[in-house]
Amino acid sequence: MGSRGAAGAGGFARFGGSGSMAQGKDKAKKKDRAKKGDEGSATILVVEDDLTLLETLEYNLRGEGYRVITADSGQQALKLVQEQDLDAVLTDMKMPGMDGMALLEQISAFNEDLPVVMMTAFGTVEKAVEAMRKGAFDYVLKPFKNEELKLTVGKAVEHHRLIRQNRYL
């Protein structure tokens, strides 16, 4: 799949495509992407502590043409959000350590425009409402159909692209 990235606190991160952490936040690149409306190589961060599901999600999203970065913990994901130029985040709600809700809050504080899609097998209406109030772009229940997830991620990426274009204008 991808090459191994730097890991912290026992976690791991994988980087899809030929990018590296050294690329970080290249503002000229961001501006160029906003100007062109380039969706062809959108970068998705997938956060999931179940490694089998993490690899499946990575495979499926790569099949849709996305560059996929993965993390198996909220702490590792937060570090990647701060270092990478992302178009969307797909995160599990229930994880050891920093859970998805805490990660959502941290991401929103760092970059309120970055769409975060929450996934959970333990969904309740109250949790969905709480996630949306805290800034989640959408909320999907496990098990989900691949097409449903691809559609939701596609909408999140398009939303982020439009925000970038509007900021550029």
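Select threonine 43 and aspartate 87. In this predicted model, the backbone nitrogen of threonine 43 sits 2.7 Å from a polar atom of the aspartate 87 side chain.

Stay on aspartate 87. This residue is in the loop that runs between helix H3 (74–83) and strand E5 (88–92). Is aspartate 87 buried or exposed? Its relative accessibility is 4%, so aspartate 87 counts as buried, the cut-off being under 20%.

Next, select leucine 45. Beyond its neighbours within four places in sequence, leucine 45 is in contact with Ile69, Thr70, Ala71, Ala77, Leu80, Val81, Leu86, Ala88, Val89 and Leu90.

Which residues touch the most other members of the largest nonpolar core? They are Leu45, Val89 and Met118, in a core of 24 residues. Colour the elements that give two or more residues to this core: strand E3 (43–47), strand E4 (67–71), H3, helix H4 (100–110), E6 and H5. A second core is separate and has 18 residues, among them Ala42, Ile44, Leu54 and Leu57. In soluble globular proteins, nonpolar side chains tend to be buried together.

Move on to strand E6 (residues 116–120) and strand E7 (residues 138–141). The two strands pair in the parallel sense, over four bridges. Pick methionine 119: opposite it, in E7, stands valine 140.

Last, show helix H5 (residues 125–133) along with both strands. What do E6, H5 and E7 make? Together they form a β-α-β unit, and the unit is right-handed.

How values were computed. Residues numbered from 1 in each chain as written. Predicted model: local features only at pLDDT ≥ 70, side-chain atom pairs only at ≥ 80, totals over all residues. Heavy atoms only, no water. Pairing = 2+ DSSP bridges. Right-handed = clockwise from strand over helix to strand, strands pointing away. Buried < 20%, exposed > 50% of the residue type's maximum accessible area, 1.4 Å probe, protein only. Polar contact = N/O pair within 3.5 Å; in protein donor to acceptor, adjacent residues only side chain to side chain. Core = buried A, V, L, I, M, F, W, Y, C linked by side-chain atoms within 4.5 Å. Contact = heavy atoms within 4.5 Å.
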